[in-house]
Amino acid sequence: MKTEIFPMGEEHLDSLAELEKICFSQPWSRQALADELENDSAFFFVAETDGEVSGYVGLIITAGQSYITNIAVFPKFRRMGIAKMLFERLFSIAEKCDLEFISLEVRPSNYNAISLYKSLGFEEIGLRKRFYRNPTEDALIMTKTFWGNGIYE
């Protein structure tokens with residue numbers, strides 16, 4: 001199987017809206033995803049495996065800092081390294097844009113995601129109380145810092 005990463009385009013929106021419904025209790029709508037195509041601060045990338053949308057990631061950059069809005073992979077494509085490929089694309093953006101860090105929120109019960117994030121250099125730095133709904137759950141704040149880790153030295 002061959003996976004490639006592309007900037008998100010109009011042609012991806014239907015698949016991504018479906019992926020949102022599968023993965024999240026409060027999914028982004030197709031329109032919300034489409035709005036990001038016009039956002040100069042947003043970088044959204046789509047993974048295609050053998051020509052089929054397999055996952056995506058979104059990043060918002062503000063004042064040298066960045067926040068992952070969503071990362072999701074269709075269940076049939078999980079454990080194939082697709083999320084890692086999407087993160088690697090974001091890390092290249094971080095280097096090009098001289099970002100200080102990339103931060104994200106994750107449910108503490110999402111052990112697989114937390115394990116992946118830690119393997120990519122993210123660290124737990126805080127907690128947002130009752131951040132998630134359906135079910136209500138706190139969010140771990142995880143951050144990967146780029147200054148001082150050799151990337152820019």
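How many bridges join β3 to strand β4 (residues 65–73)? Eight bridges do so, and the two strands run antiparallel.

## Basis of the model

This is a predicted model, in which local features need pLDDT of at least 70 and side-chain atom pairs count only at pLDDT 80 or more, while totals for chains, interfaces and linings use all residues. Residues are numbered from 1 along each chain as its sequence is written, and side-chain values use heavy atoms, with hydrogens and water left out.

The predictor's confidence in each residue, pLDDT, runs from 0 to 100. Its average over the chain is 91, and 95% of the residues score at least 70. Over residues 149–153 pLDDT stays under 50, and the model has nine contacts there beyond four places in sequence; a contact means heavy atoms within 4.5 Å. Where pLDDT is low, the predicted coordinates should not be read in detail.

## The sheet

Seven strands form an open sheet of mixed pairing, in the order β1-β2-β3-β4-β5-β7-β6. Its edge strands, β1 and β6 (123–132), each pair on one side only. From one strand to the next, the twist averages 25°. Helix α1 packs on the sheet and touches β2, β3 and β4, its direction making about 85° with that of β3. Such angles run from 0 to 180 degrees between N-to-C directions, with axes as lines fitted to C-alpha atoms, for helices over the stretch in contact.

Strands (E, at least two residues) and helices (H or I, at least four) are DSSP runs numbered from the N terminus. Two strands pair if DSSP finds at least two bridges between them.

Strand β3 (residues 52–62) is largely enclosed by the rest of the structure, because eight of its eleven residues are buried. Buried means under 20% relative accessible area, exposed over 50%, and partly exposed in between (1.4 Å probe, protein chains only).

With strand β2 (residues 42–49), β3 pairs in the antiparallel sense over eight bridges. Phe-43 stands opposite Leu-59 of β3, and Thr-49 has Glu-52 of β3 as its bridge partner. Two residues lie between the strands of this hairpin, where Asp-50 takes a positive phi near 50°.

β3 also forms a hairpin with β4, again with two residues between the strands; Ala-63 in the turn has a positive phi of about 50°. Ile-60 has Tyr-67 in β4 as its bridge partner.

## His-12

His-12 lies in the loop between β1 (3–7) and α1 (13–23). This residue is buried, with a relative accessible area of 2%. Apart from neighbours within four places in sequence, His-12 is in contact with Pro-7, Val-46, Glu-48 and Val-53.
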